[in-house]
Amino acid sequence: MKLAKFKQPNGLVAAGIVDGDAIQALDLSAGKFEALSDLLDAKDIPAAVDYLPKRDPHSLDKVQLLPPIDRQEVWAAGVTYKRSQTARMEESEAAASCYDRVYVADRPELFLKATPHRVRGDGQELRIRTDATWNVPEPEVTLVLNSRMQIVGYTIGNDMSSRDIEGENPLYLPQAKVYDQCAGLGPWITLSTAMPPREQMTIDLQIDRDGQTVFSQSTAADQMARSFEDLASWLGRDNSFPNGAFLMTGTGIVPGTDFTLAAGDVVRISIAGIGTLTNSIVQG
Ligand code: DO4
Ligand code: MG
């Protein structure tokens, strides 16, 4: 089952259920849910969705999808794949030992990535900072957590990163990672029960510039050095999430040192079991 947020042709925002090429708005109020995040907190989400009245279906290409977030914080894990460890160590000699140590440490790197207004969904623009010169998208399997820190679904995340700022000094990480339009989420949430096993969760990144593909690479979630459950349980230590949370689980794909994103680029991230998140890039 896939759940989304979208703008209906009448302009009103709704939560919806995606089936093939169609999306149907759900009447959340019939279940006393105020928002999609409340539905994601239900004890039995498929049963709750079955119970809700549904409106006439719309063709997906006729509606504007929105990021499937309401009030949740977006957190991110770092250096969970070997490729991320080596790329960060190349970026900064001074911080190399931090990345080396966190890759094998029990405690993961976790950081607050975005609040809802900084997030964009499928078909919307993501930004590179005006004061950054070396920027990359980071394609990440993203956990959808309820308020009990259970993994109820998965979506695609793009953890946009300014490598020159992060590489200059690790204390600049929040500025390299958190700014307006810094996070992509979507196109929707696939409930955990409908996801393939982790070893079949392939992750593909493609970047197009002026109609040509300038970068493409694939990995799979089973290349990750940690489990999803381990990351979720670290995030929930002494930390409460009354509205649930999104947790980006780290990137296994980092383009080489000679690559930087440019305004006008189109970034496509596909994850098996979810779909494709497409965003064009703007600067300033
Ligand atoms: O420590 C820097 C951030 C790492 C990160 O975002 C990742 O590995 O995905
Ligand atoms: Mg990342």
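## Basis of the model

In this predicted model, local features need pLDDT of at least 70 and side-chain atom pairs count only at pLDDT 80 or more, while totals for chains, interfaces and linings use all residues. Residues are numbered from 1 along each chain as its sequence is written, chains are lettered from A and ligands numbered from 1 in the order in which they are written, and side-chain values use heavy atoms, with hydrogens and water left out.

## The magnesium site

Glu138 (OE), Glu140 (OE) and Asp159 (OD) coordinate the magnesium ion (ligand 2) at 2.0 to 2.1 Å. Donors here are N, O and S atoms within 2.8 Å of the metal (3.2 Å for Na, K and Ca); water is not among the atoms, so sites may look incomplete. Along the chain, the donors of this ion follow the spacing E-x1-E-x18-D.

Glu138 is buried, with a relative accessible area of 2%, and Glu140 is buried at 0% (buried means under 20% relative accessible area, with a 1.4 Å probe and protein chains only).

## Surroundings of ligand 1

Around ligand 1 there are 16 residues, the closest being Val79, Ser84, Glu109, Lys177 and Thr251; a residue counts if one of its heavy atoms lies within 4 Å.

For Thr251, a polar backbone atom is 2.9 Å from an oxygen atom of the ligand.

Methods. Buried means under 20% relative accessible area, exposed over 50%, partly exposed in between (1.4 Å probe, protein chains only). A polar contact is a pair of N or O atoms within 3.5 Å; within protein, one must be able to donate a hydrogen and the other to accept it, and residues adjacent in sequence count only if both atoms are side-chain atoms.
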